[in-house]
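Reader: I'm new to this one and would like to know what lies behind the labels. Can we take it step by step?

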Amino acid sequence: PRPRLTFPHDQTNDHPSRKSHDQRLLLGPLSLSEAYHFEDPEHEEAAFRRVLDSGVPVLEQLVRGSLGPGRELDRSFLVSAFRLQDRHDVALGLAAVVNDVTELEAGRRRAAILSRVRERVGRTPDVVATCQELAEALVPAFADIAGIDVVAAIARGEEPSPHTSAVGVPLLCAAFAGGQDLPNRAEGELRLVKECTPCALSLADLRPRLVSADDSSYWLDADPALKEAMRNAGAHSILVVPLAVRSTVLGLVSLCRCGTSLRFDQDDLALAVDLAGHTTLCLDSARRYAREQAMAATVQRRLLPQRPIPHTGLDTACAYLLGRSTGGSWFDIIPLSSSRSLLVIGQVTGEGIHAAVAMGQLRTAVQVLAALDLEADDLMARLNDTVLQLAEERRALPTADPAHGESLTAAYSYAVYDPVSRTCTAGCAGLPGPLLTKPDGTVSPMELPDGPLLGSTDVTPFAATQLDINEGTILALATPVLLDAVSPERLQALLSSHRGAPMQELCDSIIYASCPSRTPEGDAILVLARGHTISPDRTTAWSLEADHSTPGSARALARGWLTKRHVPEEAIFAAEVIVSELVTNAIRYGTPPLKVRLILVDCTLTTEVSDASATSPHLRHARATDEGGRGLFIIAQLADRWGTRHTPEGKTIWAEMRTTANEQS
């Protein structure tokens with residue numbers, strides 16, 4: 001504690017109404033600024049005068065200063081001031097208590113910085129974001145300039161290789177804060193560490209360095225541009241700390257203090273090592289996460305459709321933008337029998353490689369179930385059983401497996417388009433239903449009952465809705481991430497303004513509008529399909545009586561209709577055989593009424609025979625002595641594919657075969 005502050009002796013007995021601005025605060029023969037070497041003596045004197053005027057003391061105000069005139073302002077003081085007065089409340093002077101708390105304040109500041117770094121750094125599993133969080137936490141609280149470089153490989157999630165020398169190691173500037181004129185210090189730029197510099201030595205032996213940055217520092221001569229920039233910035237001390245885990249270099253932290261900032265000392269070096277240790281663990285975790293995400297994204301891309309498949313009666317386009325959390329979203333457009341198409345998008349809970357694998361399993365299951373020609377709601381029920389089975393297998397995994405104990409549910413949305421009947425059958429479970437853009441440009445969601453998530457405990461039955469649609473209507477299936485990013489008004493404007501544009505152009509435009517500046521958190525997937533109807537001239541149907549002459553009549557009707565469409569004789573003969581065998585099976589094993597339908601589109605002939613029985617036929621391999629049982633076997637040899645489709649009225653047996661038909665009507 002220093003002595004009290006008083007007024008000059010000739011003013012101590014003045015009346016208290018005398019203006020204080022005429023008085024000079026003295027400490028014996030010294031003025032306040034001469035007695036105390038504060039950083040801003042005028043500000044402190046003004047504070048003391050307020051104490052004199054008001055009588056309200058100042059308690060433990062933190063002030064920066066020095067221990068003598070002309071010395072560096074490297075000390076911290078706690079200043080308290082009290083007014084001294086006599087029994088008549090006449091101000092006699094001030095009592096000031098000044099305590100040197102430099103070491104205490106420095107320790108408190110270092111503890112606060114360490115706490116801030118531990119709290120803020122590592123909040124996101126991203127290498128670059130982790131480095132940026134560190135730079136923001138250190139500038140200006142601990143350093144005036146901070147640069148964090150990482151080995152370029154770890155930013156991609158790759159395993160860094162151990163280096164015994166820093167020469168030739170490419171470093172990526174992941175974060176930079178404070179200085180604006182330093183060369184090669186822009187975020188995202190690569191640089192090579194120069195020899196005979198603190199950075200090179202620190203990377204070589206994995207030890208931190210505390211160095212000066214004045215003109216006598218010979219290591220700056222290796223980089224004249226850096227030396228000039230450091231001189232312009234007024235840099236005087238630098239900390240270089242390696243980021244290494246298990247003797248493997250991950251990166252480097254460079255910290256600099258400039259101008260009037262205190263020089264780094266050994267305590268600051270020890271703190272920087274602690275900060276680097278925490279950051280290294282966060283970077284290693286982020287690298288592992290990035291590697292897993294890269295693997296999951298690779299698996300997901302391989303399991304998604306790799307090439308567009310033409311579909312009868314549909315102009316389709318798909319676009320997907322994988323988000324930060326990848327692995328569990330998929331889409332598909334599956335051709336069905338009778339020129340129909342199934343459009344589907346789905347999402348699996350979770351992320352990473354396990355979600356990608358589950359997604360691939362469910363996409364395969366959807367394709368298999370679609371090939372069975374199940375009704376739409378029945379397909380969702382079977383898919384729900386598949387999800388429940390996969391969830392049970394996941395629960396049975398060993399406890400050490402990362403996927404053990406993770407729940408497995410899936411969301412699903414689909415639409416089945418029939419260009420012959422011009423109908424769309426759709427359903428959803430946890431995802432938005434299809435959007436319909438009518439030829440007049442109006443956009444509206446398809447009104448659907450929302451089913452439960454696949455694999456959940458909800459036993460609500462799955463439902464499907466059928467709707468008649470017009471020629472040129474656009475069906476749109478999208479994930480919630482995309483729909484949330486594009487307002488309904490913007491989406492309607494895009495769909496309406498691009499009605500006549502190519503589908504892929506429209507699809508890309510919507511993706512551009514949904515993610516203008518950053519990667520979405522989840523997967524943004526969009527499936528578009530513009531429906532076209534099949535000309536009535538390309539399809540026909542007949543109702544037949546169930547008697548012994550019906551197969552011959554069906555063959556004649558089929559030959560006559562195909563001949564008018566210039567189908568080659570070889571294809572007509574094969575179609576006659578298929579029609580005859582299907583009608584014969586329907587008469588023997590089915591239930592009237594019988595109906596035959598032919599669809600000839602895109603050089604593909606589909607033959608359908610429907611009856612009221614729900615019994616499904618199966619392929620037999622008849623023996624040489626058997627008189628029957630070869631009908632479906634013959635159909636399987638002539639057709640490219642065949643199957644049975646159950647309907648509310650019974651069943652339909654269908655067969656598809658390629659022709660070389662001339663598409664003249």
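Reader: What covers the buried residues of α10?

Author: This is a predicted model, so keep that in mind throughout. The cover over the buried residues of α10 includes α9 (353–371), β16 (410–418) and β17 (423–429).

Reader: Which residues of α10 are called buried, and what makes them so?

Author: Buried means under 20% relative accessible area. In α10 that label goes to A376, L379, M380, L383, N384, V387, L390, A391 and R394. Looking down the axis of α10, you'd find its buried residues within an arc of 140°, so they line one face of the helix. As background, an α-helix has 3.6 residues a turn, so residues three or four places apart point the same way.

Reader: How do you know that the span of α10 agrees with its 20 residues?

Author: Take 1.5 Å a residue: helix α10 (residues 376–395) should then span 28 Å, and its end C-alpha atoms are 29 Å apart, which agrees.

Reader: Why do β10 and β11 count as a pair?

Author: A pair needs at least two bridges. Here 4 bridges join β10 to β11 (residues 235–245), so the two strands pair, running antiparallel.

Notes:
Residues are numbered from 1 along each chain as its sequence is written. This is a predicted model: local features need pLDDT of at least 70, side-chain atom pairs count only at pLDDT 80 or more; totals for chains, interfaces and linings use all residues. Side-chain values use heavy atoms; hydrogens and water are left out. The expected span of a helix is 1.5 Å times one less than its number of residues. Buried means under 20% relative accessible area, exposed over 50%, partly exposed in between (1.4 Å probe, protein chains only). The arc is that of the directions from the helix axis to the C-beta atoms. Contact means heavy atoms within 4.5 Å.
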